[in-house]
Amino acid sequence: MSRALVLMFVGLFAAAGVAASPAPDVNVPSILWNQPAPHSADATACVPASSTVASRGIAVGPDQNPVFLGDIARFSTTLVVAKYDRQTGERLWCTSFQVRAIAAGGVPFTVAFAQAGGVAIDSNGTIFIAGHGVSTPFPVPFPPGPGPAPTTPVQRYFVTTCSASGVCAPVVTLINPSVTGTHTDTIGGIAIGPDGHPVLTGMAQFPAAIPSKPSTFKLLTVKVSRATLAPLGVAQGDSNAPGAGSRVAVAVDSSNNILVTGTEASTSKYDALLSRQLWTARIAGSGIAITSSGRGGDRDDHGSSGRDGDRDDHGSSGRGGDRSNDAVAVAGAPFNDASGRRHFAIAVLDGGRGNTLWTAPYNSGFDDVPRDIAADQDGNIVVAADTSGSVGSPAMVFQRGVLVSVNGRGQLNWMVVIPSSLADRSLHSIAGIAVGEDGAPVVSDDSRGDPSATVAHQIIQLDFDDHRHGRDGRDDDEDDDVKKDRGALAWDQPATDTVTGFLVCVDAQPVSGCQDVGKPEAVVVPSTTVGTFTYQFDLAGITALTKGRHTLAVVAYNDGTTGGESAGLNVEVDNGRHRHGRD
């Protein structure tokens, strides 16, 4: 029988001197479960009827169970929080509540036009939610007709808490920082350091004294007490005006120093109370994470990814102690190439002075937009990004979520594309990523059937092979023995680099024993570009297939250099005649 193989190529280009070829012995995570986020059509969820939920964050607590944060944006906004079982994906609880605060006179009021902006979990399992909204009671309905115009609403950050079992505070705490001048605050993110105090960051807009003059903008970062939620420290950093898709992010290192970045700003490091700026690096970022530069990014048993050493941005526990070799990983702001396509670079900075240790530009050949970043205790970095464009004739529009893991030297560990099935033509965007102690990423994913369709939200938990098998099915020790026999396609080749053909390997046979099945001459396959094509060949022609069950893998090659293997195709051969395949 014939079997159609559909091949996808995802490119990671490294900066000069930084190799970015897939490591042949790495353990690539796979999807453990995929569960819908709470939605109004689910009678068991906590979402009011006919309500649209927007995804606002994902976090992992010390119990390793993911927590999803969403909101239903209205004048009176509803927050939606749900926890899922790490192993099974079962929803453990779901709760929703309106955003309300206490006015100066002690009377509760609705926080108008509120929006959630991030979630973090401390070492005790307490869930901290950050957002912004109008900080004083706002008239409803708006004053009609003539008469005095309502006072311009003042927008401020807010923070609130939920317990590990889903019991949430009845009101949020509005944050009024000690900042001079009139300003409107828009939340960007939240992080928690080893001391357990939440840190909020975002953008503050300061209107000019003369209406015809432009406003000024600052990155506004506030540290609050975990007990009282009162401000402990405030810092401002320069920023350009935000544009479409602008992001601001924050991380806390193992010494409680605070790192802030923005797509329209630089990356800055402050002391633990935001009283002193330690350094500023001229790198604009879409996301930021704390990593360790001292170990060179050696992979752990899972080739995994986590976050900060003591506690990550989402509160996951790790190793204790102050690591003087903390470094900072930044997913850079998107930039346009000569053709107008957007790409980005991963940069790792020295935590002591902010010097750039290395950069690895990411360029799939299509539009690439970073969404979030994480890093584990061994210096491995995971970037969640969206890749979009069109392929084929007539053109088929695609948008995929991509997880890219590189080690502390900028070398590619692994990639995961969401959705994994190339037959799935739905459009996907990763809203956020979090990592637990086991190093397995969990993502909040948005999808829709076409650009005009309603967006659906999923929580996707990935997992590593408990048996510690590498990408080619061998044990780790076996991988070490045969690594030298397997080359690697240089993903940092120029865009003109193409694939010469494909090898089919049976049951993890060495590359030297794999069968060359060539490539259609009319098809040009760049080794550095995301794209798909269908290539059919007859399994009966694969001479190494004998009676029984086998696993096939495909390896691309060019000029005697081979790349990493594809995911396996399981086949069963009956009496040497009938072959049954299962992806």
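A disulfide is a pair of cysteine sulfur atoms within 2.5 Å. The close-ups below come from a predicted model.

**View 1. The three disulfides of the structure.** A search of the whole structure turns up 3 disulfides. Number the bonded cysteines of the protein chain in sequence order. The pairing then reads 1-2, 3-4, 5-6.

View 2. Cys46 sits in the loop between β2 (30-36) and β3 (54-60), while Cys94 belongs to strand β6 (residues 91-98), so the pair ties together parts that are 48 residues apart in sequence. Cys94 has a relative accessible area of 21% and is partly exposed. The cut-off explains the labels: buried means under 20% relative accessible area.

**View 3. The disulfide between Cys162 and Cys168.** Here the S to S distance is 2.0 Å. The torsion about the S-S bond of Cys162 and Cys168 is about 105°, so the link is right-handed. Cys162 is buried, at a relative accessible area of 1%. Cys168 also counts as buried, at 19% relative accessibility.

**View 4. The disulfide between Cys505 and Cys514.** Cys505 and Cys514 are joined with an S to S distance of 2.0 Å. Which hand does the link of Cys505 and Cys514 have? With 110° about the S-S bond, the link is right-handed. Both Cys505 and Cys514 are buried.

Notes:
Residues numbered from 1 in each chain as written. Predicted model: local features only at pLDDT ≥ 70, side-chain atom pairs only at ≥ 80, totals over all residues. Heavy atoms only, no water. Helix = DSSP H or I, 4+ residues; strand = E, 2+ residues; numbered from the N terminus. Buried < 20%, exposed > 50% of the residue type's maximum accessible area, 1.4 Å probe, protein only.
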